[in-house]
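Please keep the sequence and the coordinates at hand while reading.

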Amino acid sequence: MPFEDSVGAFAELQRAGKVRWVGLSNVSVDHIRRAQRIVEVTSVQNRLNPFFREALSDGVVALCGEQRLGFIAYSPTGGARLTRKLPLHPTLLDIARRVGASPHAVCLAWVLSRGPTVIAIPSARQVDHVRDSARAGDLLLSQADLAAIDQAEFSRA
């Protein structure tokens with residue numbers, strides 16, 4: 001189905017009062033702009049984590065910030081397989097020790113720092129993991145910490 005037809009269907013549902021807000025998922029800057037010609041877009045949900053940074057390099061996060069669109073970062077710690085690598089990552093481990101947090105929380109704080117409208121939706125299987133993730137919202141990383149994570153290699157292998 002053509003992208004514009006999908007977005008148009010949501011616009012019709014919104015006009016009918018069945019949908020209050022329209023969000024997009026896994027889209028590019030071009031997709032967002034095309035959708036905005038059809039309907040008001042309120043949020044974008046794309047993957048963002050240190051392993052996968054396309055939403056940053058492709059300008060999606062920047063556009064969302066400029067336009068005050070919510071950017072919902074899914075898999076903010078890399079997803080099931082890659083999340084297991086975080087506690088061993090030397091850059092995250094160093095920062096975590098210094099700021100008194102877990103590498104997981106440091107990773108989430110890095111994601112949250114990427115823009116004024118960025119929120120993260122981490123997964124958790126245990127209550128302690130939920131608490132740790134929530135703590136990341138209060139964790140302020142220095143510019144040097146952010147730069148160190150930006151420059152670090154995060155292998156997907």
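β1 and β2 (residues 41–47) run in the parallel sense and are joined over four bridges, where two strands pair if DSSP finds at least two bridges between them. Helices (H or I, at least four residues) and strands (E, at least two) are DSSP runs, numbered from the N terminus. The model is predicted, so that local features need pLDDT of at least 70 and side-chain atom pairs count only at pLDDT 80 or more, whereas totals for chains, interfaces and linings use all residues. Residues are numbered from 1 along each chain as its sequence is written, and side-chain values use heavy atoms, with hydrogens and water left out.

**The sheet**
- Within the pairing of these strands, G23 stands opposite S43 of β2.
- The open sheet has four strands in the order β1-β2-β3-β4, with parallel pairing, and its edge strands, each pairing on one side only, are β1 (22–25) and β4 (118–121).
- Direction ignored, neighbouring strands of this sheet are turned by 25° against each other on average.

**Helices α2 and α4**
- The axes of α2 (residues 29–36) and α4 (residues 60–67) come within 9 Å and cross at roughly 35°; axes are lines fitted to C-alpha atoms, for helices over the stretch in contact, and angles run from 0 to 180 degrees between N-to-C directions.
- V29, I32, R33 and Q36 of α2 meet V60, L63 and Q67 of α4, contact being defined as heavy atoms within 4.5 Å.
- By class, this contact has four nonpolar, two polar and one charged residues, with Ala, Val, Leu, Ile, Met, Phe, Trp, Tyr, Cys and Pro counted as nonpolar, Asp, Glu, Lys and Arg as charged, and the others, Gly among them, as polar.

**Helix α6**
- T91, L92, I95 and A96 are the buried residues of α6 (residues 90–99), where buried means under 20% relative accessible area, exposed over 50% and partly exposed in between (1.4 Å probe, protein chains only).
- The exposed residues P90, R97 and R98 are carried on the face of α6 turned away from its buried side.
- What covers the buried residues of α6 includes α7 (103–112) and α9 (143–151).
- After α6 comes G100, whose phi is positive, near 70°.

**Helix α9**
- D145, L146 and I149 are buried in α9, and since they fall within an arc of 100° seen down the axis, they line one face of the helix.
- The buried residues of α9 pack against α6 and α7, while the face turned away from the buried side carries the exposed residues Q143, A144 and Q151.

Notes: Arc of directions from axis to C-beta.
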